[in-house]
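The following exercises are to be worked with the sequence and the structure at hand. Each task is followed by a solution in steps.

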Amino acid sequence: MTPINNIIKRELNPFDLINLKPGNFWGEKQDSDNSVDSIHQEVITEIEGLLDSVNQDNRSRSVLLLGDSGSGKSYLLGRLKRTLNKKAFFAYIGPWADSDYIWRHVLRSTVDSLIQIPEGREESQLILWLKSLSAFTRRNLKQRLFSDSIWQFMQSDRRKFIHHLKTTYSQAGLYNPDFFFGVLHDLTDPELYPIACEWLRGDDLSEESMQILKVKSCIDTEDAAKNILANFGRISIQTQPIVLCFDNLDNIPRLSDESQDFQSLFNVNTTIHNNYLKNFLVVVSIITNTWKLNSDRIQQADKVRIDKELRLKRINLEQAEALWAYRLKPLHHQVKPQPISPIFPLNRKLLQQSFPSGKTLPREVLVIGQKEYKKYKFSLVDSTVVKPIPEPEVITVPEEIKLPVPQPQIQAETIDAEFQLLWQKEYKKTQGKNQKITLFSAPDLIRMLEEALQALEVPDIKTKLLRGKYTSYSLSYRKSKKGNQIGIVWTEDSGMASFYNVMSASQKVIQSKGCETLYLIRSGSVGTSKLKGYQLYQKIFHSSKSSKHIHLKPSLASVHQLATYHNLVNSAVAQELVLSGRVIKLDELQELIRNSLIFEKCTLLQDLKVVPEPDDSEDGEDVIDLTPVNDFLFNLVKTQGFMGVPTLISQCMTQFSDAREDDVKMLIQDLCQEEKVKIIDPKAKSEDQLICLIA
């Protein structure tokens, strides 16, 4: 029988495990067992009713979801997806980098979501959507098309496949039906599926890939993106609706008066209604105060296109208590008999004292839980004998293994440690989601780089250095306030026609002296000597007259670092980034990223000379860098104060799947020798050992 206090001492604070920042619900797995169904249930019911209406008459509808920061808007969207994914396809759409690209952003985000595999299913939403089209589910066609050899049939005759869909949807008024249906056919071929998805999401494909897909052009305009999205809806009228969830929108582009450009989003919503884009449910999630500040700037004709406005209410103390109980349940399950209270070591009185009105926000409940749990955990080592508590067991700590009392850390140090742990977690998540640079659009890449330069206090950053169609592929800055203007162009478009146009626009900037030095950032091919784009590239970057201009090839790791920071910026701007119980503002995040020196490891920023280049003397090619593992171990002990050694090792092995357990144990011993941490009673069984921070 393991006493509950022993469990508390060795395990992590369960409230530290909560990701309080919002994010894409396809990357944030929610545990259906760890939720309180009564929280915001009325909103779930309302949205489900709207979804059912769309399903019945195929008329698109829109809902505005308002809630205070910390009310659980993003979590609610994830819960909607989790509970209603059987009756709808879900797309997560975060902030866009440039309003001139908003339709392309919506299409890209929608397709990125459709290629995700729902829980409990083996196929992506996109394939499930394709199989559910009425062209393949009519009774007289089902046996022929959806027998065991369905995919063989589809692959065997592309022409018949296209003809069948064109006949079925001849009245739908589709955009470029031959190309569109041809690409849908190619989705059924595992070898063509990846590039078919790339075309649908609006990537600029190489000429070779376009020939394989038998398409003449890519989706490279706002009108084309809008029409392809319309195609999805117009041929889906006898299948499930598509739910477009706009979330985390505080980091959208700003207008000349510094207000946020919500009008562009509501233009999209109105177009969905006015142009009869069928079978969509649009959910726009906005912080209540943000809506108050911006709603008067949105045209009334667009506001009336919102079918319903829903507000997330504050939760009551019963729901707050249930939130605590669900977080503590994994700890309680390790104990027999169970503690007398499902929220031990917390209690109802804490809630009543903290929230005398009887109403609060979910985030506030979790923050209080984290703080009070940590306070109780520290009380277990305030003396050799723990004072009696309203719990069946009283724990006595023998004198010979008396725990050193971990002194509370300065809050700034704790926040720094939590930030670095969060960074490693988010970076790992970004790595898993983005396997290649071309998954990011050029405007997104430029936006991410701009945010990094802002954090590093680079002066005079200006976007849109280029002119024309590719303006959002560029920016400029100065290394110092009196330094020369430096230009950056970032393009990963595979098509050589696009590359030529970008090079042509770059040459015009150089000729007009728009910058002293121009960096081209591009990891992909620059073509062959026969192509005009390649010839222009050589002239700009490799002729003797243009030695100032430099081509950089970014590493995928660099892009992952920029993308990780971008996600944290989105959270900070939305007032949803919480560390040590504090909401971290953007300027504080920027200071954290500078103090952590994380960007000094970004090779792209090194190449741009905005961070120091590494010391060449530290070269060990075959030596595995264990610094991130070491940092993780120390930061985790910092945030916990003390914990079980086995728990520390298992958490580390989860974060770094390629780390060896022997290396982790060696690093722990090194931290002990450096007198940063101390293992309690090293003669005890390994599973019973505790480790604490040395103040």
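**Exercise 1. Proline in a loop**

Proline 337 is situated in the loop between helix H17 (317–332) and helix H18 (348–354). The structure is a predicted model.

Task. Determine which peptide bond at proline 337 is cis, and identify the cis bond that involves proline 345.

Solution. 
Step 1. The bond running from lysine 336 to proline 337 is cis, and its omega is near -5 degrees.
Step 2. Phenylalanine 344 and proline 345 are also joined by a cis peptide bond, with omega about 15 degrees.
Step 3. Proline 345 lies in the loop between H17 and H18, and that loop is the place of proline 337 as well.

**Exercise 2. A backbone angle**

Task. State where asparagine 58 lies, and what value its phi takes.

Solution. 
Step 1. Asparagine 58 belongs to the loop between helix H2 (41–57) and strand E1 (61–67).
Step 2. Its phi is near 65 degrees, which is a positive value in a residue other than glycine.

**Exercise 3. The parallel sheet**

Task. Give the strand order of the open sheet of 5 strands, name its edge strands, and describe the pairing of E2 with E3.

Solution. 
Step 1. The order of the strands is E2-E3-E4-E1-E5, and they pair in parallel.
Step 2. Strand E2 (89–93) and strand E5 (308–311) are the edge strands, each pairing on one side only.
Step 3. From one strand to the next, the twist averages 20 degrees.
Step 4. E2 is joined to strand E3 (residues 242–246) by 5 bridges, and the two run parallel.
Step 5. Alanine 91 has leucine 244 in E3 as its bridge partner.

**Exercise 4. The antiparallel sheet and a helix across it**

Task. Explain why one side of E15 and one side of E16 have no neighbour in the sheet, and find how helix H28 is placed.

Solution. 
Step 1. The open sheet of 3 strands has the order E15-E17-E16, and its pairing is antiparallel.
Step 2. Strand E15 (642–644) and strand E16 (677–680) are at the edges; each has a single partner strand, so one side of each is left without a neighbour in the sheet.
Step 3. The twist from one strand to the next averages 25 degrees.
Step 4. E15 and strand E17 (residues 690–693) run antiparallel and are joined by 3 bridges.
Step 5. The bridge partner of methionine 643 is isoleucine 691 in E17.
Step 6. Helix H28 (residues 645–655) lies across E15, E16 and E17, and runs at about 80 degrees to E15.

**Exercise 5. A cavity and its lining**

Task. Describe the second largest cavity by its space, its lining residues and their classes.

Solution. 
Step 1. The whole structure contains 2 cavities of 30 Å³ or more.
Step 2. The second largest cavity holds about 30 Å³ of space.
Step 3. Its lining consists of Asn13, Asp16, Lys374, Lys377, Thr639 and Gln640.
Step 4. Helix H19 (362–379) and helix H27 (627–640) each supply at least two residues of this lining.
Step 5. By class, the lining has 3 polar and 3 charged residues, and no nonpolar residues.

Methods
Residues are numbered from 1 along each chain as its sequence is written. This is a predicted model: local features need pLDDT of at least 70, side-chain atom pairs count only at pLDDT 80 or more; totals for chains, interfaces and linings use all residues. Side-chain values use heavy atoms; hydrogens and water are left out. Two strands pair if DSSP finds at least two bridges between them. Helices (H or I, at least four residues) and strands (E, at least two) are DSSP runs, numbered from the N terminus. Axes are lines fitted to C-alpha atoms, for helices over the stretch in contact, and angles run from 0 to 180 degrees between N-to-C directions. On a 1 Å grid over the protein atoms alone, a cavity is a set of points where a 1.4 Å probe fits but cannot get out, and a pocket is an open set with protein on both sides within 12 Å along at least five of seven lines; lining residues have an atom within 4 Å of a point. Grid points are joined across faces, edges and corners, and a volume is the space filled by probe spheres set on the points. Ala, Val, Leu, Ile, Met, Phe, Trp, Tyr, Cys and Pro count as nonpolar, Asp, Glu, Lys and Arg as charged, and the others, Gly among them, as polar. Contact means heavy atoms within 4.5 Å.
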